[in-house]
Amino acid sequence: MTTQPTERTPITSAADIDLNDWNFWGRPDEEREHAFRLLRDLDKPAFFPEPEFSLGGVTGPGYHALVRHADILEASRNPEVFCSGDGGATNIPDLPAEFAEYFGSMINMDDPRHARLRRIVSRAFTPRMIKQFESDVDAAASRIVDELLETGPGCDFVTEVAAKLPLKIICDMMGIPEKDYQFVFDRSNIVLGATDPEYVSDREDIADALLTAGMELQQLVQDLAALRMETPTDDLTSSLVNANIDGERLTAQELGSFFILLVVAGNETTRNAISHGMRLLTLNPEQRRLWLEDFEGRAPRAIEEIVRLAAPVNYMRRKVTRDHEMNGNLYRKGEKVLLYYWAANRDERVFDDPLRFDILRDPNPHVGFGGPGPHFCLGAHLARREITAMFRELLRRVPQIEAGEPERLLSSFINGIKHMPCEF
Ligand code: HEM
């Protein structure tokens, strides 16, 4: 990969598209939309060699870019052929062994190890459990808007609003005290934003920066776990390290990598959904009016529509475990496929007028939380709850709030907004 985005040439055909090129990921939304439409219209998924950039693991033959909704559903439903382990699901190059210590949680595993971990932690994420959190989420959203009103217009919506809610909720769930929020926030930015020069200035340092951030987050939660083993409280850390009714518990290493997964999966994604949502409501004032007419009644569909277009997780990876034909195309053992959720959420074969932001859209079978299968987002209920609470407070108390031009994260993995001014 080239190191920094430089001048861009126009994309006139699929042959002009190189998903390994950082210049591509620096392009504005309209150009990305055009490019992925060209890729969706190809007879078969485009194949790219592995990027030159590597974290030190083995370099494979390359990856198929799955950009159609139908391909993503099919691959997600078939984890025996399209696996998440064997090098990881969150990165194109395989993760070398030393990364597994920190980044080897269930998202990068297959059953039965995946199923065991998911069973232990999923008790905390059922709709019933999330319901118990409702008043905490609502109170936190309300406080964030109090602070926004105190700070006044002109502030950074991402850091002052969108990032605060998911960070507080995850830290509260785990029992991390408020004094450590900034520490967690900075490390999670490094883990998901390492390819952006704002977070790691030299590409040569990415592997070290990731390992250091992973180690620091793990240390934080393991220190807390030691306290909770002695004196349990009602937080998630206590219930994960002390045996549950079935006698199951997480080991110290499992707890560390699960916490890192929660912090990055729960923070950056929800933050970006809220920021993209604010931008979409600014660009579409008639949709904002529609939502305000019946906030509660229209919230469930509006949230799905925000997640569809935001698609904060641009892709997840799978590795092909055996030669396999899917939707008329051959996938060979050892190759990788990238499930481009952002692109599938714009597939005109499934969504009418896919680029239109329509808070009443129904049906809306988007794959923003992943495809149907064992890895479907564990935090989807919580994320929906958080996004709803944030917009309820914002639209009621600051109904005229508008977002300015977003400053985008340079990343092929996360569809992120780093900073965005807001006025009201
Ligand atoms: C709008 C917000 C969110 C989006 C767009 C999102 C997206 C996703 C996606 C696409 C996956 C699928 C991974 C795969 O198939 O390989 C996933 C998995 C996951 N998400 Fe989320 N997520 C969000 C919020 C959250 C929150 C709030 C949490 C927790 C606090 C969370 C925790 C997880 C976990 C633990 C997994 C892994 C599940 C597994 O491997 O079994 N996510 N998420």
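1. In this predicted model, Glu-296 and Arg-396 form a salt bridge, with their closest N and O atoms 3.4 Å apart. Glu-296 sits in helix H14 (residues 295–310) and Arg-396 in helix H16, so the pair ties together parts that are 100 residues apart in sequence. Glu-296 is partly exposed, at 41% relative accessible area. Arg-396 is exposed, at 56%.

2. This pair belongs to a network of salt bridges. The whole structure holds 42 salt bridges.

3. Two further salt bridges deserve a look. Asp-347 meets Arg-349 at 2.8 Å, N to O. Asp-347 is buried, at 1% relative accessibility, whereas Arg-349 is partly exposed, at 42%. Glu-160 pairs with Lys-164, and their closest N and O atoms are 3.9 Å apart. Glu-160 is partly exposed, with a relative accessible area of 27%. Lys-164 is also partly exposed, at 26%.

4. The ligand's iron atom has a single donor from the protein: Cys-377, through SG, 2.3 Å away. Cys-377 lies in the loop between H15 and helix H16 (380–397).

5. Helix H2 covers residues 29–40. At 1.5 Å a residue, its twelve residues should span 16 Å, and its end C-alpha atoms are 16 Å apart, which agrees.

6. Which residues of H2 are buried? They are Arg-32, Glu-33, Ala-35, Phe-36, Leu-39 and Arg-40. These cover an arc of only 165° around the axis, which puts them on the same side of H2. They pack against helix H1 (22–25), strand S7 (336–340), helix H15 (341–344) and strand S9 (407–408).

Definitions and conventions. Residues are numbered from 1 along each chain as its sequence is written. This is a predicted model: local features need pLDDT of at least 70, side-chain atom pairs count only at pLDDT 80 or more; totals for chains, interfaces and linings use all residues. Side-chain values use heavy atoms; hydrogens and water are left out. Helices (H or I, at least four residues) and strands (E, at least two) are DSSP runs, numbered from the N terminus. The expected span of a helix is 1.5 Å times one less than its number of residues. Buried means under 20% relative accessible area, exposed over 50%, partly exposed in between (1.4 Å probe, protein chains only). The arc is that of the directions from the helix axis to the C-beta atoms. Contact means heavy atoms within 4.5 Å. Donors are N, O and S atoms within 2.8 Å of the metal (3.2 Å for Na, K and Ca); water is not among the atoms, so sites may look incomplete. A salt bridge is a side-chain nitrogen of Lys or Arg within 4 Å of a carboxyl oxygen of Asp or Glu.
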